[in-house]
Amino acid sequence: MKNYSPNSNITFKAVLCLIFIMVISVFALNMSKVYLFNSQREFTHFVEQTEQLNNLRINFVILNEWQKRYLSELNDKERYLAKRKISETVAHVKNIELAVVNNKFKQFNQPEVKELIVRVDSLIDLNQRIVDDISMESLDEIILEYRSLYNVVDYMTDNLLKKSIVNANRLNTKKFLNIVLMMFIGLLVLFVVAIFLLVNILKRKKTELLLKKTQSYLNNVINSMPSMLVGVDARGCIINMNRESEHVCNSSSSQVAGQSFGDVFPELSEYIDEIKDTVSKRKVMEKTKLPYSIAGQMHSVNLTAYPLVTNGIEGAVLRIDDVTKKVRMEEMMVQTEKMLSLGGLAAGIAHEVNNPLAAMLQTSQVVLERLARPDLLSNIKAAQASGTDMATISAFMEDRKILKMLKGIHESGIRVASIVENMLSFARKGSENFSPHDIKEIIDKTLELATVDYNVKKKYDFRLIDVEKEYDEFIPLLECDMGLLQQVLLNIFKNAAHALQNNIDNVKANAKPMIKISSHYDVAKSAILIQISDNGPGMDKETCLRLFEPFFTTKENSEGTGLGMSVSYFIIKDFHSGDLTVESELGKGTTFSILLPIRRIQNEQE
Amino acid sequence: MNKSDIKVLIVDDEPIVADSVECFLEDRDWNVNVVNSAEIALMEKLEDKSINICIVDIRLGGMSGEEFIRKAHAMNKDLKFLICTGSPNYLIDDSLHQIPALYGTVFKKPINDLMTLDAALMDILDNWQ
């Protein structure tokens, strides 16, 4: 911004003026004239006109009878003043070239007059004269004589000259006065102008300050915006952009100024023509959910172009909003919606599913009973009636692995039941099924399930993961809902396996993928602490914090619902009055801790 | 009372489910009958008051299990009831709570382990007045 310095300008002008004034004054003060005064009146007139006696050289003094006469005509006060004027005048006479003094005038009782007369007396040699009782005629003679010697200006007799002289005199005086006045006015004007300018400058400074403040405020506002704001001209070249844009582009506003928008934001380059249209047609353009990668991660952005016409500059303001979270939220809403409708659907069809399932499950159990229970009397009887015995049947069953298959059917049925059950957990609450269980057994069973689960999916092989178990020798039975607890454990195992995927893929580079499960009985708390650790890549703090949030997932949408951990948390916290916590360090691994009170703590509300 | 003195009636419109329970209980020496509707049960099976325990499904083709319990209870105050339903959210209706002959635990189909049902019957038997 240009730096104004009107202050120094003003000072300079003022100094210039002062110098000018001084030069004029010097000229004015050096004006010297030779006047002939024929009467005191003339002289007083002159004195009154000039009022600058102190600086005048009076070269010619005639003090004559008329003065006395003149004085005698006056009253006492006037006389005194006139006398004072005369003596003042005389006192100021500096270079006397001619003095005509009436002797009678010598009686004038003023010391200055006396002094003058003394001075005049001593100047006789220098062609000066003292005239006693000079007659008018002789005075005229002297004057004439003097005139031939000097260019004396007759103050009064030369009418033509008189006027001009008086005028000139007046003029000079006036001029001087005028100059002084003008100067004064000039100075005043200058002062006023200076004040005005100063006030103006102050005002401008103030405005500037306000402007700067406003500008910085606006800049702050614009820069604080989480949106990217980019100003472009009619050709689609960047004029400037805010901090968020700089942050995303990794280059400063000045660096990209003048570059095409499409070059700086290559992923949005296809909209450059539409942006130009925005400017030419003055229509707002809006594009939503455009894919845009920021720091290597895919984001969704909304691009809005607002036409801008200010001071003839054509262009547009582009707003790019990162709507990833919003889009994700929308997807979550859809997911939630889906889950809820799934819950509703599950509740609706559960009865229909449960009946055939009951038929399968219960019948398979009966079949198992009838084939594998040699002690049952009805079995023995039936075997005998068929001409065989239970031992033979058992041997056959064992050989053909029929019992195992039947058990498989039975267990699979149970799993179907638990899937229906889990789907229903979104539609129902408070129907948990508590009974005492051995936690070690639950863990082992869940591990088995996990192995089967991953074998089926073939995405990660659980068998490649070392599972290390560390159980306390004595752990009392735990009152819990085994199905729900299994759901939690399975979920944690799944997450661990997912985290270890990286280790599985790079067995050589990393430590062997490992899951460590420990179960410890805390006598003091009368609770069981289960810890599940993996040596995967771990999670950052934010992920740890958000882990139990519903619909929070680090997996791709197709892989996880983002519900697993939140449901687990719900199961442990609400159903079992326990605690589920997570500790993780990037690069080291993750540990889940489940604390379960061995006795069920009934929720007072239920 | 002895197990052999007890007559159990299964009221379930799903024959295979009813049969699986029947078979299982028969193998454990219970005297079991099956009907596939509440109406038939009321008309044919409860007339002579020989039935002691009814295992009742709730969602039946015609008359609901709850109505059946109320009516059967009116016919025979000694009759015990045990609910076994496929509705996952089922809670015992308030009007049925007043019937002391109703077993507290509701069995949900599928019954993963039928032994729990056997245990419940034994429990009823043990607490026979």
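First, the ground rules. This is a predicted model, in which local features need pLDDT of at least 70 and side-chain atom pairs count only at pLDDT 80 or more, while totals for chains, interfaces and linings use all residues. Residues are numbered from 1 along each chain as its sequence is written, chains are lettered from A and ligands numbered from 1 in the order in which they are written, and side-chain values use heavy atoms, with hydrogens and water left out.

I call it a salt bridge when a side-chain nitrogen of Lys or Arg is within 4 Å of a carboxyl oxygen of Asp or Glu. Over all chains, that rule gives 15 salt bridges.

Start with K281(A) and D277(A), whose closest N and O atoms are 3.9 Å apart. Both sit in helix α11 (residues 272-281) of chain A, four residues apart, or about one turn of the helix. Helices here are DSSP runs of H or I, at least four residues, and strands are runs of E, at least two, numbered from the N terminus. For accessibility, buried means under 20% relative accessible area, exposed over 50%, and partly exposed in between, with a 1.4 Å probe and protein chains only. K281(A) is exposed at 55%, and D277(A) is partly exposed at 36%.

Now the pair that crosses between chains. D27(B) forms a salt bridge with R370(A), with 2.8 Å between the closest N and O atoms. D27(B) belongs to helix α1 (residues 15-27) of chain B, and R370(A) to helix α12 (residues 324-372) of chain A. D27(B) counts as buried at 8%, whereas R370(A) is partly exposed at 32%.

Next, a network of salt bridges links E369(A), R373(A), D375(A) and R28(B). Within chain A, E369(A) pairs with R373(A), the closest N and O atoms being 3.3 Å apart. E369(A) is buried, at 10% relative accessibility; R373(A) is partly exposed, at 26%.

Last, the asparagine. Where is N302(A) placed? It is in strand β8 (residues 297-310) of chain A, and N302(A) is buried, with a relative accessible area of 12%. A polar atom of the N302(A) side chain lies 2.9 Å from the backbone nitrogen of K289(A). Counting contact as heavy atoms within 4.5 Å, and leaving out residues up to four places away in sequence, N302(A) touches K287(A), T288(A), K289(A), R319(A), I320(A), D321(A) and V323(A).

Note on methods: Polar contact = N/O pair within 3.5 Å; in protein donor to acceptor, adjacent residues only side chain to side chain.
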